[in-house]
Amino acid sequence: MNITLNDTSLLKTDLYINGQWLNRDIKLAVTNPANASLVAEVSTASKEDTLDAIAAASEALKSWSQTTAKQRSALLKKWFQLIMGNQDDLASILTAEQGKVIAEAKGEIAYGASYIEWFAEEAKRINGDVIPQPSNDRRIITIKQPVGVVACITPWNFPNAMLTRKIAPALAAGCTVVCKPASETPLSALALAELAERAGIPAGVINLVVGKASIIGPVLTASSEVRKLSFTGSTQVGKLLLEECAATVKKVSMELGGNAPFIIFDDADLDAAVTGLMASKYRNAGQTCVCTNRVFVHQSIYQSFSEKLVAAVEQNLTLGDGTTEGVTTGPLINKGAVSIVVDLVEKSVAKGAKIATGGSVSELGDCFYKPTVLTAVTNDMPIATDEIFGPVAALIPFESDQQVIDMANDTKVGLAAYFYTGDISRIWRVSEQLEYGMIGVNEGIISNEMAPFGGVKESGMGREGSKYGLDDYLELKYICMGGLK
Ligand code: ADP
């Protein structure tokens, strides 16, 4: 182990099933993307382990679903407090396995925890209705009940928050969970389970299986006991999981890929737009599903905006190991991720894009790609049509509002979109015409626990966070009470 922790017992390497930590012979190596060093070896789950986890969640559901909202709320709050009390250690674990800079890792722990606090509060507001009746001998009532056992499959880019965004509403609703974190980043998930146990969340309510998606995934999707799947990851895998879930008609929530446009109109505050774009494009080294993918700049300000952006990238971003003071941009998750970015840039340059800064792998190591700005990009180049998931800003000029809206919408996905303008009428018009689930107007960072996160088209279905986030974990039941005199 090469992480310094105040509490070393947060570095768990076993499976967590039915409140038991289980060691297994077949291990998964977790490596640090900044230097390829081994961080830990983690036990992996077999098919039988996954079935055991589902059985444990089913058994725990009987009592957990009968607890009061107040009891669940109290346990979630305790968990939230323990996470925040161990923020530094959790951030160190996160940076070691994922690579993001330590300040961002601390931010993710607080962001992830905010969903637990939020849903601890929302648990107490799962209200039904009394609806006016069609005849006076009856009354119509609705109640909301937990959907049951939920499978949660999460990616590596936010190893903490993608999980809390699912577990917190599930538990608040009275559901139990079986979670499979990404193989690149299981340690953050296991640390969360350790703290959940310390908070007093009963055995079987949260189960964690780490290991091969090809072994664990089909068991979760085929199970009739698992009534819902909540997935965050690629659109490709999401489609596969949707097909698999069809056999048992599970409820599904899908947070899939994006291709976020970031539009700068000619009346925008350019300095504010640069600040917003820097945050939206380069945080987590460009590895978020809401990261800007295409930057549309009005042609009258294209030159001045590109110069400001290049200056900001060259002056404000420092590539390096996320634990080093002053570093703003860490490595990509692995060499495969780097080669995707290299390929997209090369193919786009071959089609006429120009490298204004960056544009290559850094001498720091195989996983470091230099923060990059490409100009003279068109909407049909690979850097614009594909999800980059790396620190490359692709600048596309435009002439009119309708043209840029059409270009922005010319993609199969629709997660987040951003635009900068000073015109209030344009703010409404463009917000309504963009086919995206989330819109940032004069703002580059829009995700928080109070707002509904989610996409349209092939970016998925369902919403996480906000007062709407609980609905994905609840069934609505209608009770008709008749024979009244
Ligand atoms: P990413 O590009 O972020 O790695 P993926 O969609 O490949 O996105 O992975 C997201 C999560 O889905 C990870 O936990 C991964 O292990 C899991 N996963 C990948 N393929 C499958 C599958 N066929 N069945 C179930 N889970 C899968």
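1. Salt bridges make a handy place to begin. The structure, which is a predicted model, holds 20 salt bridges. Side chains of opposite charge can pair when their charged atoms come close. A few of these pairs deserve a look of their own, and the next points take them in turn.

2. Start with Arg24 and Asp49, a salt bridge whose closest N and O atoms are 2.9 Å apart. Arg24 sits in the loop between strand S2 (20-22) and strand S3 (27-31), while Asp49 belongs to helix H1, so this pair ties together parts that are 25 residues apart in sequence. Are the two partners buried or exposed? Arg24 is partly exposed, at a relative accessible area of 28%. Asp49, with a relative accessible area of 4%, is buried, because the cut-off for buried is under 20%.

3. While you are in helix H1, please look at Thr50 too, as this residue lies in that helix (residues 47-64). Thr50 has 0% relative accessibility and so counts as buried. What surrounds Thr50, once its neighbours within four places in sequence are left aside? The contacts are Ala45, Val209, Ile216, Val219 and Leu220.

4. Next comes the pair Lys106 and Asp88, whose side chains meet in a salt bridge of 3.7 Å, N to O. This pair links distant parts of the chain, with Lys106 in helix H4 and Asp88 in helix H3, 18 residues apart. Lys106 is partly exposed at a relative accessible area of 33%, and Asp88 is likewise partly exposed, with a value of 43%. Keep both helices in mind, as they come back in point 8.

5. Glu475 and Lys251 also meet through their side chains in a salt bridge, again 3.7 Å from N to O. Here the partners are 224 residues apart: Glu475 is in strand S22 (residues 474-481) and Lys251 in strand S11 (residues 251-255), so distant parts of the chain are linked. Glu475 counts as partly exposed at 38% relative accessibility, and Lys251 counts as partly exposed at 28%. Elsewhere, salt bridges that share partners join Asp266, Asp267, Asp401, Arg426 and Arg429 into one network.

6. Which side chains does Ser230 meet in polar contacts? One is Lys166, at 3.1 Å, and another is Tyr473, at 3.2 Å. Leaving aside neighbours within four places in sequence, Ser230 is in contact with Val150, Ala151, Cys152, Ile153, Lys166, Ser253, Glu464 and Tyr473. Of these, Glu464 is 234 residues from Ser230 along the chain, with 9.9 Å between their C-alpha atoms.

7. Now to the overall layout. The protein is divided into domain 1 (8-256 + 459-478) and domain 2 (260-448). Taken over C-alpha atoms, the centres of the two domains are separated by 31 Å. Domain 1 brings 23 residues to the contact and domain 2 brings 25. The size of an interface is often given as the accessible area lost when the parts come together. For domain 1 and domain 2, the buried area is about 1800 Å², with carbon and sulfur atoms giving 56%. Val101, Trp156 and Ser459 supply 26% of the area that domain 1 buries against domain 2, more than any other three residues.

8. What holds our interest at this interface is its polar side. How many salt bridges does the rule find across the interface of domain 1 and domain 2? The answer is zero. Polar contacts are found, however: nine residue pairs between domain 1 and domain 2, with both residues at pLDDT 80 or more. On the side of domain 1 that touches domain 2, helix H3 (87-98) and helix H4 (102-122) each supply at least two residues. H4 gives the largest share of that side, four residues. By type, the residues on that side of domain 1 divide into nine nonpolar, seven polar and seven charged.

Definitions and conventions: Residues are numbered from 1 along each chain as its sequence is written. This is a predicted model: local features need pLDDT of at least 70, side-chain atom pairs count only at pLDDT 80 or more; totals for chains, interfaces and linings use all residues. Side-chain values use heavy atoms; hydrogens and water are left out. Domain bounds come from an automatic or database domain assignment. Contact means heavy atoms within 4.5 Å. Buried area is the accessible area (1.4 Å probe) that two parts lose on being put together, summed over both. A salt bridge is a side-chain nitrogen of Lys or Arg within 4 Å of a carboxyl oxygen of Asp or Glu. A polar contact is a pair of N or O atoms within 3.5 Å; within protein, one must be able to donate a hydrogen and the other to accept it, and residues adjacent in sequence count only if both atoms are side-chain atoms. Ala, Val, Leu, Ile, Met, Phe, Trp, Tyr, Cys and Pro count as nonpolar, Asp, Glu, Lys and Arg as charged, and the others, Gly among them, as polar. Buried means under 20% relative accessible area, exposed over 50%, partly exposed in between (1.4 Å probe, protein chains only).
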